[in-house]
Amino acid sequence: MFGTLASGDIEPARLRRDLRITCNLGFSCGGFEDIGMRLEGENLVPRGAEENREVVAETAPFQVERPLFQQTQKLVVGYALTSKKKKSFLQPKLEFMARRKGICFVPIDLNRPLSEQGPFDVVLHKLLGKEWQDVIEDYQQKHPEVTVLDPPSAIKRIYNRQSMLQGMADLNLSDCSGSIYVPKQLVVLKDSASSADRVVEAGLKFPLVAKPLWIDGTAKSHQLFLAYDKHSLAELEPPLVLQEFVNHGGVMFKVFVVGDIIKVVRRFSLPNVSSNCEKAKANGVFKFPRVSSAAASADNADLEPSVAELPPKPFLEALVKELRTLLGLRLFNIDMIREHGSKNVFSVIDINYFPGYGKMPDYEPVIVDFFHNLAQAKHKKRHYK
């Protein structure tokens with residue numbers, strides 16, 4: 001389709017049309033800007049090379065290297081995201097880096113049947129609701145060749161804090177340089193005041209972290225409280241999960257997982273309970289600070305080495321490998337804490353699907369590498385069929 005072109009032998013309008021890069025079925029992935037060129041009159045001029053215009057003379061042939069165009073058609077990613085998630089995730093830098101690797105992000109029209117759109121190589125989504133779940137599951141069944149990130153059935157488990165951490169005790173981490181636990185917890189579906197007896201029966205010790213049972217995408221579903229005694233339970237709104245608080249030196253580790261890629265950041269968390277007892281008693285319940293925001297970063301803070309030291313890499317790799325199998329997810333993050341005074345005894349306290357990757361430093365190359373690896377895997381699969 002593309003060969004050696006003399007700019008004097010072709011009209012500018014046709015040149016613009018013929019050199020417009022498009023992905024499968026008409027999704028525009030970029031034009032002259034993507035190949036570092038711009039059209040000036042009837043000449044193609046390298047962008048930023050005004051001083052060297054003689055390089056592209058009117059009679060000089062313009063050669064388009066085929067590998068560059070081939071790269072732009074490697075992977076089409078259809079996405080269905082909330083406006084908030086789209087804004088935080090699909091940053092201009094990410095889309096620019098993706099295009100250079102041949103990855104094209106295409107919005108999915110929620111007002112049209114998904115089966116009429118595409119074709120897509122990957123469907124990336126984070127929408128709630130039974131209707132959307134049915135749409136994705138039906139699409140996945142009819143198009144097994146498309147990678148869905150991630151399966152709705154797997155995501156559903158993460159949205160319930162009762163099922164979220166089930167199976168953690170069975171992970172095979174015996175040969176790793178660390179150990180993992182889940183704090184004791186109790187689900188309260190109604191009447192928080194009468195749950196005090198159940199807390200005692202279950203062997204939970206105060207203080208307790210209170211979390212909403214369901215993660216529904218709202219800010220409220222991520223609000224955490226510390227209940228210091230049984231009287232404060234009456235102030236909490238069910239349904240919720242009560243989880244034993246573990247002293248961890250006021251630092252939490254957010255382990256971002258993008259396929260096989262792992263990135264860890266530190267976040268400030270609630271200090272050890274001993275320093276907050278009086279405040280918790282006075283207020284009944286103590287509201288946790290938000291630890292997910294970049295403003296809560298503890299990566300550059302002056303911390304005790306025993307608190308700030310990241311979990312061992314082999315341990316994290318083994319843990320993530322086991323969790324990917326257990327959860328059936330490729331895009332998630334783990335909230336971990338190190339038990340205060342221990343070397344490498346950790347607790348997993350939360351798992352989030354498709355977290356705020358935009359809060360992870362230099363997230364763009366990580367995401368691009370992940371999709372680039374998907375593209376290569378798909379290419380190999382097609383090649384060896």
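Modeller: Two strands count as paired if DSSP finds at least two bridges between them, and helices (H or I, at least four residues) and strands (E, at least two) are DSSP runs, numbered from the N terminus. This is a predicted model, where local features need pLDDT of at least 70, side-chain atom pairs count only at pLDDT 80 or more, and totals for chains, interfaces and linings use all residues. Residues are numbered from 1 along each chain as its sequence is written, and side-chain values use heavy atoms, with hydrogens and water left out.

Colleague: OK, in what sense do E9 and E10 pair, and over how many bridges?

Modeller: Parallel, over 3 bridges, with E9 covering residues 122–126. Leu124 has Leu149 in E10 as its bridge partner.

Colleague: Switching to H10: what span should it have, and what does the model give?

Modeller: H10 (residues 313–327) has 15 residues, so at 1.5 Å a residue it should span 21 Å; its end C-alpha atoms are 21 Å apart, which agrees. The expected span is 1.5 Å times one less than the number of residues.

Colleague: Which of its residues are buried?

Modeller: Phe315, Leu316, Ala318, Leu319, Val320, Leu323 and Leu327. Buried means under 20% relative accessible area, exposed over 50%, partly exposed in between (1.4 Å probe, protein chains only). Their cover includes helix H6 (152–158) and strands E11 (179–181), E16 (251–258), E17 (261–268), E19 (331–338) and E20 (345–353). After H10 comes Gly328, with a positive phi near 70 degrees.

Colleague: Why call E20 largely enclosed?

Modeller: Because 8 of its 9 residues are buried.

Colleague: What does E20 pair with?

Modeller: E11 in the parallel sense over 3 bridges, and E19 in the antiparallel sense over 7 bridges. Ser179 stands opposite Val345 in E20, while Ile337 has Ser347 in E20 as its bridge partner. The hairpin of E19 and E20 has 6 residues between the strands, and Gly341 there takes a positive phi near 90 degrees.

Definitions and conventions:
Contact = heavy atoms within 4.5 Å.
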